[in-house]
Amino acid sequence: MMRTSSIRSQDDPLSLAIRPPPEESDSDRHIRLQHEAEARRISEQIDEELRFEREKLKKSKSDVKLLLLGQAESGKSTLQKQFQLMYSPASLESERMSWRTVVYFNVVRSIKKILTTLEAWDDIDDGSDSQSTLERQELGDYLPPRASSSATPSIHSSQIGVALSPPSPTSPTSPTASSPIRGSTAISDLRRRLLPLTNTEPQLADRLSGGVAVSGSGKGEVYVRSGWQARTIQKALSVIDADPLVDDVARMLEQSRDDIRTLWENQVVRALMTSRKLKLDEWSEFFLNDISRISARNYVPSTDDILHARIQTMGVAEHIFDVDIHGKTVTWHLFDVGGARGQRHSWVPYFDDANAIIFVSPISAFDQYLEEDPRTNRIDDSLQLFTQICSNQLLKKVHLVLFLNKTDILRKKLERGLCVSKYILSYGDRPNEYESVVQYFRAHFLQVHRRNNENRRVLYTHLTNVVDTKATQSIIGNVRDSIFRGYLQSAALV
């Protein structure tokens with residue numbers, strides 16, 4: 001009968017392998033014991049890391065993963081700031097000074113755009129509806145030669161019948177040098193004095209973006225990666241408690257305060273804005289109206305400044321908040337994504353384990369066209385993007401919330417007499433009033449959801465102005481509760 005050795009047997013191969021040699025000296029024994037102690041320490045460290053990873057994985061299964069989706073400039077990053085202000089105010093406070101660079105960049109870019117537009121119009125405005133040299137130049141790279149005024153824009157690729165190109169002006173001629181040059185000399189003087197300030201725009205852009213350019217995302221836009229706030233502060237502090245670039249811009253803003261105010265209040269500028277020959281970004285008016293405060297020495301951005309400050313996100317930025325819901329603390333992972341067409345492919349890896357989506361659509365953008373494609377109306381692009389989200393198989397069970405955003409800007413546009421039917425052809429002869437316009441857009445988004453709702457998922461819809469902190473945080477509270485109820489139901493806990 002064959003004898004089987006036990007694990008304690010002297011014939012055990014492992015015991016033989018680790019048995020110290022008979023002639024082991026005291027020094028060899030000391031070295032061997034040190035090596036064994038080190039191996040034991042490494043093994044225990046690995047065990048501890050594995051235990052930590054198991055606990056982390058177990059905990060992450062109870063976390064909520066929320067995606068903020070929508071086209072560029074829809075308000076996603078502003079909504080993320082509202083979440084941060086509500087659930088992690090200390091983190092917003094810690095990065096407050098980094099937003100000074102963004103505010104300065106926004107102000108300088110607005111001033112430069114005003115002066116560039118004035119130059120295209122020879123620093124005058126004759127009150128006509130003619131198209132400027134600047135507008136023709138901006139559209140020239142994308143659009144074919146303009147057809148006759150009797151031509152009807154094609155609407156076959158549009159979901160709601162939009163004008164697929166900006167409406168053509170009635171006359172192709174632009175003002176000539178022989179037009180009345182009222183105040184042009186004063187504007188020329190302002191341009192000369194403000195030149196050193198406007199020349200800092202590319203340097204500020206490079207400071208924010210780190211020199212990164214994004215192809216296929218529009219002309220002249222500046223994009224930042226996740227964590228840009230910390231890098232901005234770090235670079236500023238690396239020069240002995242001073243940032244020469246930002247300090248120079250602050251000094252020039254203080255010295256140019258009166259010139260900026262004079263330019264902003266100039267009648268020609270106002271006339272160009274009224275006739276929509278000068279189209280400023282939505283935040284420009286907010287900052288230029290308050291230039292005295294922003295140009296003051298030792299300026300510190302307010303919370304409203306941070307909410308209005310504009311910088312485009314590149315890629316996907318994750319923000320983590322601990323949210324208290326009815327006595328239970330749940331970790332939320334909020335993903336703010338870049339919305340430009342060239343960046344939407346980066347969303348897909350986050351779809352498979354998402355719990356909820358807030359889709360943000362700017363319904364004030366009915367008169368705007370994509371930077372990446374001037375033929376595409378932004379409302380139509382938003383509807384197409386929402387269709388892709390609703391029909392995606394990975395997202396069929398995800399809690400879905402729709403924010404019809406920028407209602408404040410929509411009201412202002414309608415009050416100024418901007419006609420929706422001029423840009424959204426299918427709007428027809430409906431009343432050009434806020435309630436009618438809102439219900440029209442809302443109905444189209446609900447229709448998209450119904451057509452792609454095999455699982456009978458509820459769509460929660462909110463009319464929002466995400467720069468309004470009080471109203472937005474109330475909506476966030478409602479969204480939080482609805483997301484958490486859906487999350488508990490999906491986890492079979494209720």
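## Helix 5 against helix 12

Helix 5 and helix 12 pack with their axes 11 Å apart, at an angle of about 85°. That makes helix 5 roughly perpendicular to helix 12 (65 to 115 degrees; under 35 counts as roughly parallel, over 145 as roughly antiparallel, the rest as oblique). Axes are lines fitted to C-alpha atoms, for helices over the stretch in contact, and angles run from 0 to 180 degrees between N-to-C directions. Helices (H or I, at least four residues) and strands (E, at least two) are DSSP runs, numbered from the N terminus.

Helix 5 makes the contact through Ile114, Thr117 and Leu118, and helix 12 through Val268, Val269 and Leu272. Contact means heavy atoms within 4.5 Å. Five of the residues are nonpolar, one is polar and none is charged (Ala, Val, Leu, Ile, Met, Phe, Trp, Tyr, Cys and Pro count as nonpolar, Asp, Glu, Lys and Arg as charged, the others, Gly among them, as polar).

## Basis of the model

This is a predicted model: local features need pLDDT of at least 70, side-chain atom pairs count only at pLDDT 80 or more, and totals for chains, interfaces and linings use all residues. Residues are numbered from 1 along each chain as its sequence is written, and side-chain values use heavy atoms, with hydrogens and water left out.

## Two nonpolar cores

The largest nonpolar core has 43 residues; Tyr104, Val107, Ile111, Leu118, Leu197 and Leu263 touch the most other members. Such a core is a set of buried Ala, Val, Leu, Ile, Met, Phe, Trp, Tyr and Cys residues joined through side-chain atoms within 4.5 Å. Buried means under 20% relative accessible area, exposed over 50%, partly exposed in between (1.4 Å probe, protein chains only). The elements that give two or more residues include helix 5 (98-120), helix 7 (184-198) and helix 10 (244-255). Helix 5 gives the most, with twelve residues.

Beyond its neighbours within four places in sequence, Leu197 is in contact with Val108, Ile111, Val249, Met252, Leu253 and Ile260. Another core lies apart, with 40 residues, among them Cys390, Leu410, Val438 and Val448.

## Strand 1

Strand 1 (residues 64-69) is largely enclosed by the rest of the structure, because six of its six residues are buried. Val64, Leu66 and Leu68 point one way; Lys65, Leu67 and Leu69 point the other.

Strand 1 runs parallel to strand 5 (residues 328-337), joined by five bridges. Leu67 stands opposite Phe335 there. Four bridges join strand 1 to strand 6 (residues 356-362), also parallel. Leu69 has Phe359 as its bridge partner in strand 6. Two strands pair if DSSP finds at least two bridges between them.
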